[in-house]
Amino acid sequence: MSIWESCALTDVGARRKHNEDAIMARPEAGLWAVADGMGGHEAGDKASNMITSALEALPRPDNFSVFVDRIEDALQNVNATIRDHAAREFDGRMMGSTVVALAASDGYGACVWAGDSRLYRLRDGTLEQISRDHSQVQKLVDAGVLSAEEAESHPNANVITRAIGGAAHLAMDVAMFDLRPGDRVMLCSDGLYNELSADEISARMGQGSAEQAARALLDGALGQEARDNVSVIVIEVGDT
């Protein structure tokens, strides 16, 4: 089993009064997640915490593909629970959360996500975004209408097309990717990557230990007077 060094941090940011993000780190099980809640205080933070609580309680089976299936099943169950709760307690108004989760094993990982929280891999100084935003502007980029640079400043940049709790049927994506000793993986909410360029993310991800890198990333976003809640998890792949 690989050795995972990781650090998970979250902050309310410079302008918000409540933190609707939630983070979860279980390095002993090879499972981490970031959830970014929507719906305001007592709705968004409850939704994101429902997600991380469900993943926190999930047993780790020996079979990796079964583990990934159980993560998806758990998120489907949370989707239904959030929608029921919103109907009962909030008169059906919006309550939901993005999620990005990493399940890792020897030599490979599975990224499971809905929304625009992201997973990046840093390998030998090269940064790669593994997840792909479920957002209106990403659709425009995919269609060739917008460039990636134009998408960053688009007025609908924060409009997402999928979320836990957003619809009766939850469509998630799963991406499998390889992991090598020395790789670093980062999970984050949009409050981080909206404040830092890809070059800044790459430079800060590569600093010191996983804890030092996570703190450098968080400090970088806060140094830009973070407009949103900021969450970041950095995982370093160790030798088996």
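**Charged pairs and rings**

Modeller: Happy to. Arginine 123 and aspartate 183 meet through their side chains in a salt bridge, at 2.7 Å from N to O; the term asks for a side-chain nitrogen of Lys or Arg within 4 Å of a carboxyl oxygen of Asp or Glu. Arginine 123 sits in strand β6 (residues 118-123) and aspartate 183 in the loop between β8 (173-178) and β9 (184-188), so this pair ties together parts that are 60 residues apart in sequence. Helices (H or I, at least four residues) and strands (E, at least two) are DSSP runs, numbered from the N terminus.

Please keep in mind that this is a predicted model, in which local features need pLDDT of at least 70 and side-chain atom pairs count only at pLDDT 80 or more, while totals for chains, interfaces and linings use all residues. Residues are numbered from 1 along each chain as its sequence is written, and side-chain values use heavy atoms, with hydrogens and water left out.

Both partners are covered: arginine 123 is buried at 13% relative accessibility, and aspartate 183 is buried at 2%. Buried means under 20% relative accessible area, exposed over 50%, and partly exposed in between (1.4 Å probe, protein chains only). The two also belong to a network of salt bridges that links Arg121, Arg123, Glu128, Asp178, Arg180 and Asp183.

In total, 12 salt bridges are counted. One of them joins arginine 16 to aspartate 228, with the closest N and O atoms 3.3 Å apart. Arginine 16 is in the loop between β1 and β2 (21-26) and aspartate 228 in the loop between α7 (210-223) and β10 (230-237), so the pair ties together parts that are 212 residues apart in sequence. Here arginine 16 is partly exposed at 40%, whereas aspartate 228 is buried at 16%.

A local example is arginine 215 with glutamate 211, whose closest N and O atoms are 3.3 Å apart. These two are 4 residues apart in helix α7, about one helical turn. Arginine 215 is partly exposed at 42%, and glutamate 211 is partly exposed at 41%.

Tryptophan 4 and tryptophan 32 have ring centres 5.8 Å apart and planes at 80°, so they are edge-to-face. Rings of Phe, Tyr and Trp (its six-membered ring) pair if their centres lie within 6.5 Å, and planes under 30 degrees apart count as stacked, over 60 as edge-to-face and the rest as tilted. With tryptophan 4 in strand β1 (residues 4-11) and tryptophan 32 in strand β3 (residues 31-38), the pair ties together parts that are 28 residues apart in sequence. Tryptophan 4 is buried at 11%, and tryptophan 32 is buried at 0%.

Phenylalanine 64 and tyrosine 108 are also edge-to-face, at 5.1 Å centre to centre and 75° between the planes. Phenylalanine 64 belongs to helix α2 (residues 64-89) and tyrosine 108 to strand β5 (residues 108-114), so parts 44 residues apart in sequence are tied together. Phenylalanine 64 is buried at 9%, but tyrosine 108 is partly exposed at 34%.
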